[in-house]
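This report describes helix packing, nonpolar cores and selected loop residues in one structure.

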Amino acid sequence: IQLQKSGRVGDALDLYEELLPGQRNNARLLYLIGTAYLQLGRKEEGMVQIKRSLALDPANAVAHNNIGVTLRELGRMDEALASFNKALAIDPNYSSALNNRGNVLRDLKRAEDALASYDRALAIKGDNAEFYNNRAVVLQELNRLNDAVVNYDKALSISPDNANIHYNRGNALLGLKRDRKSTRLNSSHIT
């Protein structure tokens, strides 16, 4: 496990696979093999191993969440949503799964559902800049730019050096400026 955490994922995978023949029913080992494959970009192989671990330990919310993240990366949104829902059925307060669920709902163009998922995540872990940023992105997509800026500001109060959040906030501010200019132009043409 230390090899995997230190970035030596290939070495960790080799070691896990050496242990596997005598421990084929070890859910934790299968899960670790699966996550190593995922870290190496071998998504399908990783999901196979994590699903094998889930067959032995179906109550592993983290494993369901990791499957969901991978399915989203593969563009399989409905399956990803189902995986996040399984994780949340096991642990309703799993804030990362709520955030990831919100991301999939945003991808599925279900903005209000995404906001509800982010709100639940923030109610559990209100000091997470990523959650605020993701919520702000949806608000921006809904053209609720003032609300988006407020959420970007909250994210930046937690993670002030995050360039992505600064970039997103800047785009929201540009949108507000365009809206104000457009409103002034439209008002000046009314007779």
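Contact here means heavy atoms within 4.5 Å. By that criterion, Tyr31, Thr35 and Leu38 of α3 meet Val62, Ala63, Asn66 and Thr70 of α5. The model is a predicted one.

**Packing of α5 with α3 and α4**

Two packed helices are described by the angle between their axes and the distance between the axes. Helix α5 spans residues 61-73, and helix α4 spans residues 43-56. The values for the two pairs that involve α5 are listed below.

| Helix pair | Angle between axes | Distance between axes |
|---|---|---|
| α3 and α5 | about 25° | 12 Å |
| α4 and α5 | about 155° | 10 Å |

Angles under 35 degrees count as roughly parallel and those over 145 as roughly antiparallel. The helices α3 and α5 are therefore roughly parallel to each other, whereas α4 and α5 are therefore roughly antiparallel. The crossing of α3 and α5 is left-handed, and α4 also passes α5 in a left-handed crossing.

On the α4 side of the second pair, the residues in contact are Lys43, Met47, Ile50, Lys51 and Leu54. Their partners in α5 are Ala63, His64, Asn66, Ile67, Thr70, Leu71 and Glu73. Ala63, Asn66 and Thr70 of α5 are also among the residues that meet α3. Ile67 touches Met47, Ile50, Lys51, Leu54 and Ser83, leaving aside residues up to four places away in sequence.

**Nonpolar cores**

In soluble globular proteins, nonpolar side chains tend to be buried together. The largest nonpolar core in this model comprises 42 residues. Those with the most contacts inside this core are Ile50, Ile67, Tyr94, Val104, Val138, Tyr152 and Ile165. Helix α9 (residues 129-141) contributes the largest share of the core, seven residues.

**Helix α2**

Which residues of α2 are buried? In this helix, which covers residues 9-19, they are Val9, Ala12, Leu13 and Tyr16. Seen down the axis of α2, these buried residues fall within an arc of 100°, so they line one face of the helix. An α-helix has 3.6 residues a turn, so residues three or four places apart point the same way. The buried residues of α2 pack against α1 (2-5) and α3 (27-39).

**Loop residues**

Pro92 lies in the loop between α6 (77-90) and α7 (95-107). With a relative accessible area of 43%, Pro92 is partly exposed. Not counting residues up to four places away in sequence, Pro92 touches Leu98, Arg120 and Ile124. Between Pro92 and Glu18 there are 36 Å in space, C-alpha to C-alpha, and the two are 74 residues apart in sequence.

Lys109 has a positive phi of about 65° although it is not a glycine. Lys109 is in the loop between α7 and α8 (111-124). Its relative accessible area is 74%, and Lys109 is thus classed as exposed. Asn143 is found in the loop between α9 and α10 (145-158). Phi of Asn143 is near 65°, again a positive value in a residue other than glycine.

Technical notes:
Residues numbered from 1 in each chain as written. Predicted model: local features only at pLDDT ≥ 70, side-chain atom pairs only at ≥ 80, totals over all residues. Heavy atoms only, no water. Buried < 20%, exposed > 50% of the residue type's maximum accessible area, 1.4 Å probe, protein only. Helix = DSSP H or I, 4+ residues; strand = E, 2+ residues; numbered from the N terminus. Arc of directions from axis to C-beta. Core = buried A, V, L, I, M, F, W, Y, C linked by side-chain atoms within 4.5 Å. Axes fitted to C-alpha atoms, helices over the stretch in contact; angles between N-to-C directions. Parallel < 35°, antiparallel > 145°, perpendicular 65-115°, else oblique. Left-handed = near helix turned anticlockwise from the far one by under 90°.
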